[in-house]
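Open the model in your viewer and keep the selection tool ready. We will go from stop to stop, selecting as we go.

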Amino acid sequence: MKAGTRALGVAESFRVESNAPSERGRSTVAGTVVRADRVLDGVGYRRCTVGDTDATEAICRLVDDLGRPDVRYVLIGAVAPAWYNVLDLSAVYEHAQRPVLAVTFEESEGLEAGLEDAFSGAALEERLERYRRLPERRAVSVNDETVYVRSVGLESSEGADVVRNFTPEGGRPEPIRVARQAARAADAYADSLVHSG
């Protein structure tokens with residue numbers, strides 16, 4: 001892969017805005033354009049609602065906001081960010097018109113039990129339907145670590161190569177690592193504005 005190949009990394013950070021369980025918080029979704037040689041080449045932000053179903057739309061809008069036709073891949077650091085805001089990876093792929101890879105970092109029995117504990121009725125069914133449509137999760141060895149990759153728009157073996165090429169050290173692809181830091185920094189800054197007034 002050429003050093004100048006670019007990927008859009010997407011990650012989020014959320015804080016619940018109230019102690020009342022009925023009140024949802026907001027999540028900061030950060031998108032960072034990072035080259036394979038680790039150069040940061042763009043940053044954008046969107047918001048989604050904790051525990052809702054609007055994260056897919058937020059990512060699609062982030063792609064539009066950044067307006068980067070030179071980005072070759074979209075790497076997302078979750079499939080259910082912002083407390084079970086389950087993504088539709090195929091919808092992101094269709095909107096972005098480039099391969100989408102969701103990379104997670106822990107072994108898991110899956111999200112169905114957690115979804116069933118947290119939701120019921122139509123809200124549960126909608127999330128379960130999205131979750132069950134996700135592509136199969138495959139373990140990928142990266143720098144002596146294991147990550148779990150779901151890919152849309154390219155073969156699993158190609159997806160593994162993309163993840164490895166954007167992970168110069170450790171087990172977290174650089175576009176996702178940088179996006180996560182950007183999301184956390186934005187949340188911390190927003191908190192500082194609230195508490196300084």
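How many aromatic pairs does a search of the whole structure find? It finds 4 in this predicted model. Select Trp-83 and Phe-119, which form a tilted aromatic pair. Their ring centres are 5.2 Å apart, and the planes are at 45° to each other. A pair of aromatic rings is described by just these two things, the distance of the centres and the angle of the planes. Now colour the surroundings. Trp-83 belongs to helix H2 (residues 81-84). Phe-119 sits in the loop between helix H4 (112-118) and helix H5 (121-133). The pair therefore ties together parts that are 36 residues apart in sequence.

Next, the sheet. Select its 7 strands and follow the order S3-S2-S1-S4-S5-S7-S6. The sheet is open, and its pairing is mixed. Which strands stand at the edges? They are S3 (40-49) and S6 (138-142). Each has a single partner strand, so one side of each has no neighbour in the sheet. Look along the sheet: neighbouring strands are turned by 30° against each other on average, direction ignored.

Zoom in on strand S5 (residues 100-104) and strand S7 (residues 145-152). These two run antiparallel and are joined by 5 bridges. Pick Val-100, and you will find Val-152 of S7 opposite.

Last stop: select helix H1 (residues 55-66) and helix H3 (residues 89-96). They pack at an angle of about 20°, with axes 10 Å apart. Angles under 35 degrees count as roughly parallel, so H1 is roughly parallel to H3. Their crossing is right-handed. On H1, show Thr-56, Ile-59, Cys-60, Val-63 and Asp-64. On H3, show Ala-91, Val-92, His-95 and Ala-96. Together these residues make the contact. By class, the contact has 6 nonpolar, 2 polar and 1 charged residues.

Note on methods
Residues numbered from 1 in each chain as written. Predicted model: local features only at pLDDT ≥ 70, side-chain atom pairs only at ≥ 80, totals over all residues. Heavy atoms only, no water. Axes fitted to C-alpha atoms, helices over the stretch in contact; angles between N-to-C directions. Helix = DSSP H or I, 4+ residues; strand = E, 2+ residues; numbered from the N terminus. Parallel < 35°, antiparallel > 145°, perpendicular 65-115°, else oblique. Left-handed = near helix turned anticlockwise from the far one by under 90°. Contact = heavy atoms within 4.5 Å. Nonpolar A, V, L, I, M, F, W, Y, C, P; charged D, E, K, R; others polar. Pairing = 2+ DSSP bridges. Phe/Tyr/Trp six-rings, centres within 6.5 Å; stacked < 30°, edge-to-face > 60°.
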